[in-house]
Amino acid sequence: MEDSQSVEILMHSTTSKIQQLQKAFAELESHRAITLNMKWKQLEEHFHGLEKSLKRRFTELEDQEKEFETKIVQSKEILEKREAAVVAKERASLERLQEKRDAAVSAISFALEKRRKPFSVEPTVNIANQHDSSVMQEKPLNAMVTESNIEDNGEHYENGNVEVKSYPELVKLCQEMDSDGIHKFISDNRKDLAAMREEIPPALKAAADPASLVLDSLKGFYNSEIINSDAKKDANLLGLRRTCIMLMECLSSLLSNMKMESIPRVISESVKARAKTIAEDWKPKLDDLDVDANHGNSLEAHAFLQLLATFGINSDFDQEDLTKLIPMVSRRRQTADLCRSLGLSDKMPGVINVLVNIGRQIDAVNLAFAFELTEKFPPVPLLKSYLNEASKAPGKSGNTPTVQNDINEKELNALKAVIKCIEDHNLEEQYPVDPLQKRVLQMEKAKADKKRATEVPKPQPKRPRANGVCHGSRVANVATDKNFYARTTDRYPPCLYERQYAYTGPTDTHIPSFMATPAYNLPGHGNFFANGYHYQATYLH
């Protein structure tokens, strides 16, 4: 402001300077014989022009300064609002944390009170069903010792049902440090995986060494007898790998509920050294994976990153190498938490750029929201570009019916993915889903119509059978020709029914009795026309 005032003062003094110059010029003219009136007018016009130009420029600068000050005020207001929002979130988080702490303290107090009683007993059934049974059993001494040691380690659980187990076999396997048995138990109870995931962290605390137990469970992750190309098709190996990842996640959950000073007792230096050895053995095997491995759902890359995060050994590996693995697991729900645990939050802009460049805009939008990068990566343009790319036909594949079906299927899947992303992140105001949903219904109807047209056979005209029996109106032959069904079965061997179709149903040996009734004056003949052509029929039972 001081500079602008000084400039304004100098501009106001311009008139006086011009007058002084005019007097000096007049004095000079009085000493000359030749008049200089014409030259003075030119000089005067020149200086007045400069004065007007300076005043105009000064006015523009003042306007720009006022505009800049207005923007500063607006920015300060936005920052204040954001600070207020952050403070509100912090208070809410602190309140939730306090509630969790209170719940943990009450649970610990309840457990300590029970242990003060001699010969502590507990029901063999769930607490929720305690009123239905009066059967009580004395707690084993080794179980009491194990739980006492765990409490000495300072473990805190948010719920108070630490001692309630829906799967007592799982607790026993953890006490016995039986990693193979845990794998088999999880595989046998995979239908209740969601409930079991909640039970595994409390069960792990019953183990003498939970970290070593989890490391023992990783020994079959890379089966040397199965080559990489077959590993993706081996259902047993895929299930084992998912179980390994889940066990490492459950160990992380167990550690997150412990006091900081108690974690080194579980994750000791020897355990870290063993985990590092396993990670160094796994890392070269990831070199064969490309950026688009398994479309962002790579179990191998996820297990490697989870191993580093769970056992806290990520500092022993190059961050750039770890960042290159993130696109391989971008579709996994744990990706954002993994990145934070590994200290890769500042690398996320580069990861999102990679995902956008390889056509995985949905994953890019999810990570942008997870790390609050939506201003740098606006979600709506990314989703629209994803739909545009999905609806494009491949360049050199032609326009055959098969190619067109593939394009339609790809576009339909893309529409559903975009709708889900919009709903997950509440983007309906920026990107309405009604047109997209109408397009989905339209494509699904067209797909169903096309499928119905190809699957339903056209009715064939009546023609004589191979054995000379015609479609007549006589019914008497149906009852007398009892060997007709046996001949039909012998003529068309059962191996024909072992082919894969879009439906599953019984074979022709399960024909209901009412199929032989003469409603159409025909004997039952299974899924074959008289000319021997096979067709798909809807079973009646």
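**Reading the surface, step by step**

A: Gladly! Let's start with the nonpolar patch, to which helix α3 (residues 37-116) gives the most, with three residues. Keep in mind that this is a predicted model.

Q: Which residues form the nonpolar patch on the surface?

A: Leu 21, Leu 43, Phe 47 and Leu 50 form it, and together they have about 300 Å² of accessible area.

Q: Is Leu 43 buried, exposed or partly exposed, and what is its relative accessible area?

A: The general idea is a scale: under 20% relative accessible area is buried, over 50% is exposed, and partly exposed is in between. Leu 43, which lies in helix α3, has a relative accessible area of 34%, so this residue is partly exposed.

Q: Now for charged side chains. How many salt bridges does a search of the whole structure find?

A: The search finds 20. Asp 281 is partly exposed at 45% relative accessible area, and Lys 285 is partly exposed at 35%.

Q: What does the salt bridge between Asp 321 and Lys 283 tie together?

A: Begin with the distance: the closest N and O atoms of Asp 321 and Lys 283 are 3.8 Å apart. Then find each partner: Asp 321 lies in helix α14 (residues 319-325), while Lys 283 is in the loop between α12 (269-282) and α13 (299-311), so the pair ties together parts that are 38 residues apart in sequence. Asp 321 counts as partly exposed at 29% relative accessibility, and Lys 283 counts as partly exposed at 27%.

Q: Where do Lys 347 and Glu 320 lie?

A: Their side chains meet in a salt bridge, at 2.8 Å from N to O. Lys 347 lies in the loop between α15 (335-341) and α16 (348-357), and Glu 320 lies in helix α14, so this pair ties together parts that are 27 residues apart in sequence. Lys 347 is partly exposed, with a relative accessible area of 22%, and Glu 320 counts as partly exposed at 40% relative accessibility.

Q: Which residues are linked in a network of salt bridges?

A: Look for Arg 331, Arg 360 and Asp 363: salt bridges link these residues in a network.

Terms used
Residues are numbered from 1 along each chain as its sequence is written. This is a predicted model: local features need pLDDT of at least 70, side-chain atom pairs count only at pLDDT 80 or more; totals for chains, interfaces and linings use all residues. Side-chain values use heavy atoms; hydrogens and water are left out. Patches are made of residues with over 30% relative accessible area and no salt bridge: like charges are joined within 9 Å, nonpolar side chains (Val, Leu, Ile, Met, Phe, Trp, Tyr) within 5 Å. Accessible areas come from the Shrake-Rupley method with a 1.4 Å probe; for residues, only the protein chains shown count as cover. A salt bridge is a side-chain nitrogen of Lys or Arg within 4 Å of a carboxyl oxygen of Asp or Glu. Helices (H or I, at least four residues) and strands (E, at least two) are DSSP runs, numbered from the N terminus. Buried means under 20% relative accessible area, exposed over 50%, partly exposed in between (1.4 Å probe, protein chains only).
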